[in-house]
Amino acid sequence: MALMLGVIDTGIWRGAAMKQRTVLAPWYALLLLVALQVVHGCSMMNNDNVEQRGAQLADPATVKKMPEITMQEAVAQCNRTFVIQPDYLAELNETGSFPDETDRIPLCFIRCYLQTLGILTEDDKVNKETALALNWATSGETVDECLDEMTGTGCEKAYFFTRCIMTRALVDGKSKDNK
């Protein structure tokens, strides 16, 4: 299509080409948005799905109180069941994701970790208040936006949610470093 516009844009067709470009401009923007969605796997088109997000959140009235366990204790406890190498956790902390996202053991380790800390309930709902109280997430808005990433099995949901939270924290940290 770009070649066709170049041909139309010469000679007496210049006025028609400008009109055609004006009409096509919104379509190019939409095409770019769809391409970004496909290439990056973002959930840009789902940002206003409040009902779906609400279904992923735990009801604060029914959530158990925050367990009295440190993050290090939660890591040690979950590592007994789902053995994960320290370099895998280092990779998660440095890049926001695991080197092999198909290995179920690290994904289930994350689920165990979030459940042990009370960030995730037994039925895989997010306890936003606990996530914020533990400073695990930077803001309620980040938690809400990352709920869109919770797809797949219980372990996958926990991991994709964590990956989103971690990636946003890393990006926010780099943005603050550059200011």
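Helices here are DSSP runs of H or I with at least four residues, numbered from the N terminus. With that in hand, take Phe109 and Tyr113: both sit in helix α6, 4 residues apart, or about one turn of the helix. What you're looking at is a predicted model, with a mean pLDDT of 73 for the chain.

**Confidence**

- In this chain, 59% of the residues reach a pLDDT of 70 or more.
- Which helix has the lowest confidence, and which the highest? Helix α1 (residues 2–8) is lowest, with a mean of 29, while α6 is highest, at 97.
- Over residues 1–48 the pLDDT stays under 50, and for this part the model has 31 contacts beyond four places in sequence.

**Helix α6**

- The end C-alpha atoms of α6 are 20 Å apart, and that agrees with the 20 Å its 14 residues should span at 1.5 Å a residue.
- The buried residues of α6 include Pro106, Cys108, Cys112, Gln115 and Thr116.
- Back to the opening pair: Phe109 and Tyr113 are both buried.
- Their rings form a stacked aromatic pair, 6.4 Å centre to centre with 10° between the planes.

**The nonpolar core**

- The largest nonpolar core has 32 residues, and the ones touching the most other members are Phe98, Ile110, Tyr113, Leu114, Trp136 and Phe161.
- Helices α4 (71–81), α5 (86–95), α6 (104–117), α8 (140–146) and α9 (154–177) each put at least two residues into this core.
- What does Trp136 touch, if you skip residues up to four places away in sequence? Its partners are Tyr113, Leu114, Ile119, Ala131, Phe161, Thr162 and Ile165.
- Phe161 lies in helix α9.
- At 1% relative accessibility, Phe161 falls under the 20% cut-off, so Phe161 counts as buried.
- Leaving aside neighbours within four places, Phe161 is in contact with Val126, Trp136, Val143, Cys146, Leu147 and Met150.

**Aromatic pairs**

- The structure holds 5 aromatic pairs.
- In one of them, Phe98 and Tyr159 have ring centres 5.2 Å apart and planes at 10°, so this pair is stacked.
- Phe98 is in the loop between α5 and α6 and Tyr159 is in helix α9, so the pair ties together parts 61 residues apart in sequence.
- Both partners are tucked away: Phe98 is buried at a relative accessible area of 3%, and Tyr159 is buried at 0%.
- Phe98 and Tyr159 also belong to one aromatic cluster with Tyr88 and Phe160.

**Salt bridges**

- How many salt bridges does a search of the whole structure find? It turns up 4.
- Side chains of opposite charge can pair when their charged atoms come close.
- Arg163 forms a salt bridge with Glu101, and the closest N and O atoms are 3.0 Å apart.
- That pair links distant parts of the chain, with Arg163 in helix α9 and Glu101 in the loop between α5 and α6, 62 residues apart.
- Arg163 is partly exposed, with a relative accessible area of 23%, and Glu101 is partly exposed too, at 31%.
- Lys128 and Asp144 meet through their side chains in another salt bridge, at 2.9 Å from N to O.
- Lys128 is in helix α7 (residues 128–133) and Asp144 is in helix α8, so this pair ties together parts 16 residues apart in sequence.
- Asp144 is partly exposed, at a relative accessible area of 22%.
- The side chains of Arg168 and Glu145 also form a salt bridge, at 2.7 Å from N to O.
- Here the link runs between distant parts of the chain, from Arg168 in helix α9 to Glu145 in helix α8, 23 residues apart.
- Arg168 is partly exposed, with a relative accessible area of 31%.

Key. Residues are numbered from 1 along each chain as its sequence is written. This is a predicted model: local features need pLDDT of at least 70, side-chain atom pairs count only at pLDDT 80 or more; totals for chains, interfaces and linings use all residues. Side-chain values use heavy atoms; hydrogens and water are left out. A nonpolar core is a set of buried Ala, Val, Leu, Ile, Met, Phe, Trp, Tyr and Cys residues joined through side-chain atoms within 4.5 Å. Buried means under 20% relative accessible area, exposed over 50%, partly exposed in between (1.4 Å probe, protein chains only). Contact means heavy atoms within 4.5 Å. pLDDT is the predictor's confidence in each residue, from 0 to 100. Rings of Phe, Tyr and Trp (its six-membered ring) pair if their centres lie within 6.5 Å; planes under 30 degrees apart count as stacked, over 60 as edge-to-face and the rest as tilted. The expected span of a helix is 1.5 Å times one less than its number of residues.
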